[in-house]
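Here is a short tour for you, with the model to hand. We will go through cavities, a helix pair and the overall fold.

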Amino acid sequence: MILTLDVGNTQITGGIFDNDKIVFQFRKTTSINSSSDEIGIFLRSVLRENGFDWQQITKIGCCSVVPSVNYSLSSACTKYFNREPLFIQAGIKTGLKLKYSNPKEIGADLIAAAMGAVALHPDQNLLIVDMGTATTIEAITKNREYLGGSILAGLQISVNALANGTAKLPSVEIAKPEHICGTTTSEAIQTGLYYGTAGAIKELIYLYQKNIFHGEPVFVMGTGGFARIFTEYKLFDEISPELVLTGIKCAIDMNN
């Protein structure tokens, strides 16, 4: 079995692959102060409590956008699983032609998502919208050229900015509002966040299709914790919550 770990700014998402199938997923709050023992004990425990034998883990792959966690995470994998983890970083095989001006600037999560998307939908032009702490859009051609993308403030960041940057606006739940016209301050914030984000993504998708792919068919994938609340808005051709984990698995296979 293969253990995959996606370390985000807010959460660590983990997945277990048995052959090519993901059979278990879990989440943990990201803490920059976690020791290797805390991480290792948590990983062993969450596997054991869900019926998996940690000793059956043969490979570990990590994708991290929080550098301060990497040392403890690597040490935990070595100490508690006797496995040296593969980190998605510059220099590993990705199967992508990186057209970024400086490929080292591309986030590990973006690379992993792109690898996962290409594995799931080969030979297609792709747009990946990842709705996590930040909302990102990536463009990959059918020839596996990674062209670049766009970065927006994520929904939670926007909520926090309004609550912390004003005297009277409250923090609100991130959810699809019942009405476009809010009749309370909380509802007004929700409609602005929801429809404003949806409109921004819709416009960016349109501009990418027109100016980058020049009218060719483009398959749009949604991923990240907030993607599903936009299901009814039909922004995406497919929502794949485990896209980054799939990409990490691909990286392990490719760099074996």
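**Briefing: cavities, a helix contact and overall shape**

The lining of the largest cavity is made up of 7 nonpolar, 1 polar and 1 charged residues (Ala, Val, Leu, Ile, Met, Phe, Trp, Tyr, Cys and Pro count as nonpolar, Asp, Glu, Lys and Arg as charged, and the others, Gly among them, as polar). Please keep in mind that this is a predicted model, where local features need pLDDT of at least 70, side-chain atom pairs count only at pLDDT 80 or more, and totals for chains, interfaces and linings use all residues. Residues are numbered from 1 along each chain as its sequence is written, and side-chain values use heavy atoms, with hydrogens and water left out.

**Cavities**
- The whole structure holds 2 cavities of 30 Å³ or more (a cavity is a set of points on a 1 Å grid over the protein atoms alone where a 1.4 Å probe fits but cannot get out, and lining residues have an atom within 4 Å of a point).
- Around the largest cavity you will find Leu155, Val172, Glu173, Ile174, Ala175, Gln190, Leu193, Tyr194 and Ile229.
- Helix α5 (residues 185-212) supplies the largest share of that lining, 3 residues (helices are DSSP runs of H or I with at least four residues, strands are runs of E with at least two, and both are numbered from the N terminus).
- The second largest cavity has a volume of about 30 Å³, and its lining consists of Leu5, Ile12, Lys28, Ile39, Phe42, Leu43 and Leu73.
- Helix α1 (residues 36-49) gives the most to this second lining, with 3 residues.
- By class, the lining of the second largest cavity has 6 nonpolar, no polar and 1 charged.

**Helices α3 and α6**
- Helix α3 (residues 108-120) packs with helix α6 (residues 243-254) at about 85°, their axes 7 Å apart (axes are lines fitted to C-alpha atoms, for helices over the stretch in contact, and angles run from 0 to 180 degrees between N-to-C directions).
- That makes α3 roughly perpendicular to α6 (65 to 115 degrees).
- The contact of α3 with α6 divides into 12 nonpolar, 3 polar and 1 charged residues.

**Overall shape**
- The protein has 6 helices and 11 strands.
- Its radius of gyration is 19 Å, close to the 18 Å that the globule rule gives for 256 residues, so the protein is as compact as a globular protein of that length (the radius is taken over C-alpha atoms, and the rule is 2.2 Å times the number of residues to the power 0.38).

Methods:
Parallel < 35°, antiparallel > 145°, perpendicular 65-115°, else oblique. 1 Å grid on protein atoms, 1.4 Å probe; cavity = no way out; pocket = protein on both sides within 12 Å on 5 of 7 lines; lining within 4 Å. Points joined across faces, edges and corners; volume = space filled by probe spheres on them.
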